[in-house]
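Please read them with the sequence and the coordinates at hand.

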Amino acid sequence: MEYSIYKLDFQTGVHFGTGMLNESAYTFQADQLFSAMFIEALKMQKEKEFLDMTQRGNLLFSDAFPYIGQQYMVPKPMIYIEPQKKGQSEQKKAYKKLKFLPIEQLENFMNGTMDVSVDLLKEYGSFQQQTMARVRTEEDTLPFRVGTYFYYPDCGLYIILGYTKKEEKYLAEELLESLAYTGIGGKKSTGLGKYILRPVKLPEVFERHLKKDADRIILLSVGLPRDGELENALEGASYQLIRRSGFISSDTYAEELRKKKDLYVFAAGSCFEHRFEGDIYDVSDNGSHPVYRYAKPLFMGV
């Protein structure tokens, strides 16, 4: 499999849901990206082609992770690491608090020599609450607050794309370009979530880890094994399960707004000894058409 990397240079604030309207995350997951790209594919009448590529595992996506300048952050591996400077409680607390680390520091993290005294995300962006208004009638205006995250200059999110053929890469880029104008995340109608797509050169250290045949692998996307893969995948694994839910963005699915079925998936950063293929799951609930939840893994060796 070949890999490409893309910066999402956000020109606006973003709202990535946490379950609370007045809050926002600063990253988003691969299943959110897939859903947004699938809607763009529907507009172009290329949804069957896109779905087939992803279901076969010929087109894979990572979660969206932070970048700062030319520094690309990856999720902290979900394994216990003993810092070499033993007995220093500050080091242990910093290791525990860490969420992302530069790809160049991954090996240092694994052997316990990474310097975690500096918070690299301290100058990454800022969270704000914006007051908006919902107008129902001329006499009835209801204000509400929307959590919005703003990235500092030369900061944003990046994604990794895995593909087997150039055609898959070209379709993904076409959909990502179209999505840039639509926006990703919540409150797009208010102008949030718009970005410039910037293809960049994949760092050699990143390519080396992505193509490494290692005994331990790290998940770079949400993922869920098929039933027949689950037992083998769990052997020697250390992981976090997260619940994925949300409302269905479709005017034809049902007369009223419906929620997707909940799906529990492994979070990025989960560590495994055995690879699995995962799947794209139908999370519809008695609606007029399927609703897909992406859970195909993108792995990196350590």
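1. A residue is called buried here when its relative accessible area is under 20%. Cys155 has 6% relative accessibility, so Cys155 counts as buried. Cys271 is at 1% relative accessibility and therefore counts as buried. The model is a predicted one, and zero disulfides are present in the structure.

2. Gly162 lies in strand 8, which spans residues 155–163. The relative accessible area of Gly162 is 0%, so Gly162 is buried. Which residues does Gly162 contact once its neighbours within four places in sequence are left aside? They are Met1, Glu2, Tyr3, Asn58, Leu59 and Leu60.

3. Helix 1 covers residues 30–44, and its axis comes within 8 Å of the axis of helix 2, with a crossing of roughly 145 degrees. On the helix 1 side, Phe34, Met37, Phe38, Ala41 and Leu42 take part; these meet Glu47, Phe50, Leu51 and Thr54 of helix 2. By class, this contact has seven nonpolar residues, one polar and one charged.

4. Helix 1 also meets helix 5, where the two axes come within 9 Å and cross at roughly 95 degrees. The pair is therefore roughly perpendicular. Helix 1 contributes Leu33, Ala36, Met37, Glu40, Ala41, Lys43 and Met44, while helix 5 contributes Ala172, Glu174, Leu175, Leu176, Ser178, Leu179 and Thr182. Nine of the residues in this contact are nonpolar, two are polar and three are charged.

5. How do the axes of helix 2 and helix 5 cross? Helix 2 (residues 47–55) and helix 5 (residues 166–182) have axes that come within 11 Å, at a crossing angle of roughly 125 degrees. Helix 2 is therefore oblique to helix 5. The crossing of these two helices is left-handed. From helix 2, the residues involved are Glu49, Phe50 and Met53, and they meet Glu167, Glu168, Leu171 and Leu175 in helix 5. The contact has four nonpolar and three charged residues, and no polar ones.

6. Met37 and Ala41 of helix 1 are listed in the contact with helix 2 and in the contact with helix 5. Phe50 of helix 2 meets residues of helix 1 and residues of helix 5. Leu175 of helix 5 is listed in the contact with helix 1 and in the contact with helix 2.

Technical notes: Residues are numbered from 1 along each chain as its sequence is written. This is a predicted model: local features need pLDDT of at least 70, side-chain atom pairs count only at pLDDT 80 or more; totals for chains, interfaces and linings use all residues. Side-chain values use heavy atoms; hydrogens and water are left out. A disulfide is a pair of cysteine sulfur atoms within 2.5 Å. Buried means under 20% relative accessible area, exposed over 50%, partly exposed in between (1.4 Å probe, protein chains only). Axes are lines fitted to C-alpha atoms, for helices over the stretch in contact, and angles run from 0 to 180 degrees between N-to-C directions. Helices (H or I, at least four residues) and strands (E, at least two) are DSSP runs, numbered from the N terminus. Angles under 35 degrees count as roughly parallel, over 145 as roughly antiparallel, 65 to 115 as roughly perpendicular and the rest as oblique. A crossing is left-handed if the near helix is turned anticlockwise from the far one by less than a right angle, and right-handed if clockwise. Contact means heavy atoms within 4.5 Å. Ala, Val, Leu, Ile, Met, Phe, Trp, Tyr, Cys and Pro count as nonpolar, Asp, Glu, Lys and Arg as charged, and the others, Gly among them, as polar.
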